Amino acid sequence: MTVQDVRAFNRFYTGVIGALDYERHLYAPYTLTEARVLYELAHAPYLDAADVRAGLGLDAGYLSRILNRFEEDGLVRREPSQDDPRRRRITLTARGRETAALLDERARESVAALLDGIAPADRARLTEAMRTIRDILGGRKQAADVVVREPRAGELGWIVQRNGALYAVEYGWNAEYEGLVARIVADYAADHDPRLERVWIAELGGRPVGCVMCVRDDAPGTARLRLLLVEPEARGHGVGDRLVRTVIDFARGAGYRELVLWTNDVLDSARRLYQRHGFALVAERPHRSFGKDLVGQDWRLTLRGPGE
């Protein structure tokens, strides 16, 4: 491969993207860069300007002008970060989420129209070629590459297997923990209401790298977050944030008033993640489980007030 080969491909591919965007006004009234910023905010919540700037490689002044326009249009709100008051947290408003969803729908329809003219066998070749380019040139995967979806056939078993294997390696927990996970998953598979209970798989680079579950708790109006897991190679890519935010959004949309979870104090990264999303520690108690002496913790997040 020569420099000219790469440049020729770049001219061809940017031509395809340009046809999709500018000739058909795909992102109007926003530019492609503005649409990308909206996408990042919609898919990686609790970002601040520094996160967006680093993730997209944008100039600070340029990003500031984009965010000012979004704020004027009622798409975002900016407020001090709970973790660092020197930083400003950016979140989409309801109108912002509607706009991001509309732009995303337009993009999906345009790509679908492009693929309609490609033979099925060639689609497989194209997918593999794109994956190869990303693997070679992409470097570190970004949070935007994370796909959160419902489990496919066999992946409930994957949840049990990976929980058992990962916690044995990282914390020395014995088969008692894997048995607990198996019972939780089996109970869900045997009987659950999809309007109120759900399981999600996080996928990165075409492979499952994480999972989480939302189920009904015994207390009325309360949901429980369970079995959050992120594979070691996927940590640092926003996978845990995406999974926890997915549970929170689902629980709120399903009408739950509170979201609770149980964890152990040795799971430092998970605890920091829960705190970042607004969970509060409400109880601690020592216990002997999974072959170890542990301190169990109950965490709670209020989703809506009594009158809501």
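## Nonpolar surface patch and cores

Isoleucine 133 counts as partly exposed because its relative accessibility is 38%, the class between buried (under 20% relative accessible area) and exposed (over 50%), with a 1.4 Å probe and protein chains only. The structure is a predicted model, in which local features need pLDDT of at least 70, side-chain atom pairs count only at pLDDT 80 or more, and totals for chains, interfaces and linings use all residues. Residues are numbered from 1 along each chain as its sequence is written, and side-chain values use heavy atoms, without hydrogens and water.

Isoleucine 133 lies in helix α6; helices are DSSP runs (H or I, at least four residues) and strands likewise (E, at least two), numbered from the N terminus. Phe9, Phe12, Tyr13, Met130, Ile133, Ile136 and Leu137 make up a nonpolar surface patch with about 750 Å² of accessible area together.

A nonpolar core is a set of buried Ala, Val, Leu, Ile, Met, Phe, Trp, Tyr and Cys residues joined through side-chain atoms within 4.5 Å.

| Core | Size | Named members |
|---|---|---|
| Largest | 50 residues | Ile159, Leu225, Leu259 and Phe279, which touch the most other members |
| Second, separate | 17 residues | including Ala35, Val52, Leu63 and Leu75 |

How values were computed
Patch = residues over 30% accessible without salt bridge, like charges linked within 9 Å, V, L, I, M, F, W, Y side chains within 5 Å. Areas by Shrake-Rupley, 256 points an atom, 1.4 Å probe, with all protein chains shown as cover. Salt bridge = Lys/Arg side-chain N within 4 Å of Asp/Glu carboxyl O.
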